[in-house]
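Please keep the sequence and the 3D view open while you read.

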Amino acid sequence: MEVNNNFTENAKNDFQLVQKAMNGDQRAYADLMHRYKDAIYFMALKMVNNKEDAMDLTVETFGKAFEKLDKYQPSHAFSTWLFRVATNNCIDFIRKKKLNTMSLNGLMDDDGEERTLQIAADVLNPEESWIKNQQTQELKSLIDSLPPRYRRLITLRYFDELSYEEIAQQLDLPIGTVKGQLFKARYLLGSIVSHINKDEI
């Protein structure tokens with residue numbers, strides 16, 4: 001993978017960070033998020049006109065981008081590719097919202113009947129175990145790059161080891177909201193963790 005000679009200095013720096021991230025450097029992921037999270041958020045906000053949706057879409061964009069980082073081609077700047085991922089993510093969100101309004105606590109089965117979305121309360125999945133066991137400076141740097149509400153939820157759940165009920169009570173939020181937001185934050189961190197683990201195998 002060779003850098004495009006026409007890249008600006010910023011684009012060249014991004015390219016170096018992408019290469020480091022693909023080699024399992026957690027700090028590189030955090031640096032890329034620090035650089036672009038605000039720009040992605042404001043772009044999403046302009047498209048969906050809702051602050052909470054824009055924040056969710058920002059987290060999802062980085063999750064999807066980091067999952068597909070090996071598909072990035074350096075013929076274009078990383079920022080161009082990232083904004084394309086963000087734009088497509090927002091378009092998908094808008095399309096789904098228009099086609100089907102779905103409650104956070106339920107999904108529709110093939111017969112159109114609502115079924116309960118099962119979320120395990122206290123069983124740690126591999127990503128959660130990794131988060132719990134790897135309380136390193138690099139991980140904290142990555143968590144610090146998350147939007148504030150996700151950062152706080154991750155800290156309360158995995159560092160302070162509070163239950164969902166305790167977090168809901170402390171933040172004065174419905175427990176379903178706590179679980180949903182933690183799922184989104186974990187999705188982003190999990191995509192990075194799986195990418196790092198894959199590189200280490």
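The points below go from the overall fold to single residues.

1. Basis of the note. This is a predicted model, in which local features need pLDDT of at least 70 and side-chain atom pairs count only at pLDDT 80 or more, while totals for chains, interfaces and linings use all residues. Residues are numbered from 1 along each chain as its sequence is written, and side-chain values use heavy atoms, with hydrogens and water left out.

2. Overall fold. The protein chain has nine helices and two strands. Both kinds of element are DSSP runs, numbered from the N terminus: helices are H or I with at least four residues, strands are E with at least two. Read from the N terminus, the order is α-α-α-α-β-β-α-α-α-α-α.

3. Surface and burial. The accessible surface of the protein chain is about 11,600 Å², and 47% of this belongs to carbon and sulfur atoms. Such areas come from the Shrake-Rupley method with a 1.4 Å probe; for residues, only the protein chains shown count as cover. Of the 201 residues, 42% count as buried. Buried means under 20% relative accessible area, exposed means over 50%, and partly exposed lies in between (1.4 Å probe, protein chains only).

4. Contacts along the chain. Take the contacts between residues at least 6 apart in sequence: 63% of them join residues at least 24 apart. A contact here means heavy atoms within 4.5 Å. As a separate example of distance, Ile 91 and Val 48 are 43 residues apart in sequence, and their C-alpha atoms are 9.0 Å apart in space. Ile 91 is found in helix 4 and is partly exposed, at 34% relative accessible area.

5. Nonpolar core. Which residues touch the most other members of the largest nonpolar core? They are Phe 62, Leu 69, Phe 78, Leu 146, Ile 154, Ile 167 and Leu 182, in a core of 51 residues. Helix 2 gives the largest share of this core, eleven residues. A nonpolar core is a set of buried Ala, Val, Leu, Ile, Met, Phe, Trp, Tyr and Cys residues joined through side-chain atoms within 4.5 Å. Apart from neighbours within four places in sequence, Ile 167 is in contact with Leu 153, Leu 156, Arg 157, Leu 162, Val 178 and Leu 182.

6. Salt bridges. How many salt bridges does a search of the whole structure find? There are two. The term means a side-chain nitrogen of Lys or Arg within 4 Å of a carboxyl oxygen of Asp or Glu. One joins Arg 35 and Asp 14, with the closest N and O atoms 2.6 Å apart. Arg 35 lies in helix 2 (residues 26–48) and Asp 14 in helix 1 (residues 9–22), so this pair ties together parts that are 21 residues apart in sequence. Asp 14 is buried at 1% relative accessibility, whereas Arg 35 is partly exposed at 39%. The other is formed by Arg 95 and Asp 92 (3.2 Å, N to O). Both of these residues lie in helix 4, three residues apart, about one turn of the helix.

7. Aromatic pairs. The structure holds eight aromatic pairs. Rings of Phe, Tyr and Trp (its six-membered ring) pair if their centres lie within 6.5 Å; planes under 30 degrees apart count as stacked, over 60 as edge-to-face, and the rest as tilted. Tyr 41 and Phe 42 form an edge-to-face pair, 5.1 Å centre to centre with 70° between the planes. Tyr 41 is buried at 16%, but Phe 42 is exposed at 53%. Phe 78 and Trp 81 form a tilted pair, at 5.8 Å and 40°, and both are buried. Ring pairs also link Tyr 36, Tyr 72, Phe 78, Trp 81 and Phe 83 into a cluster.

8. Charges over a ring. The charged end of Arg 157 sits over the ring of Tyr 164, 4.2 Å from its centre. Lys 179 lies over the face of Tyr 164 too, at 5.6 Å from the ring centre. The cut-offs are NZ of Lys or CZ of Arg within 6 Å of the ring centre and within 35 degrees of the ring normal.

9. Backbone angles to check. Most residues other than glycine have a negative phi. Glu 161 has a positive phi of about 60° although it is not a glycine, and it lies in the loop between helix 7 and helix 8. Asp 172 has a positive phi of about 55°; its place is in the loop between helix 8 and helix 9. Asp 172 is exposed, with a relative accessible area of 70%.
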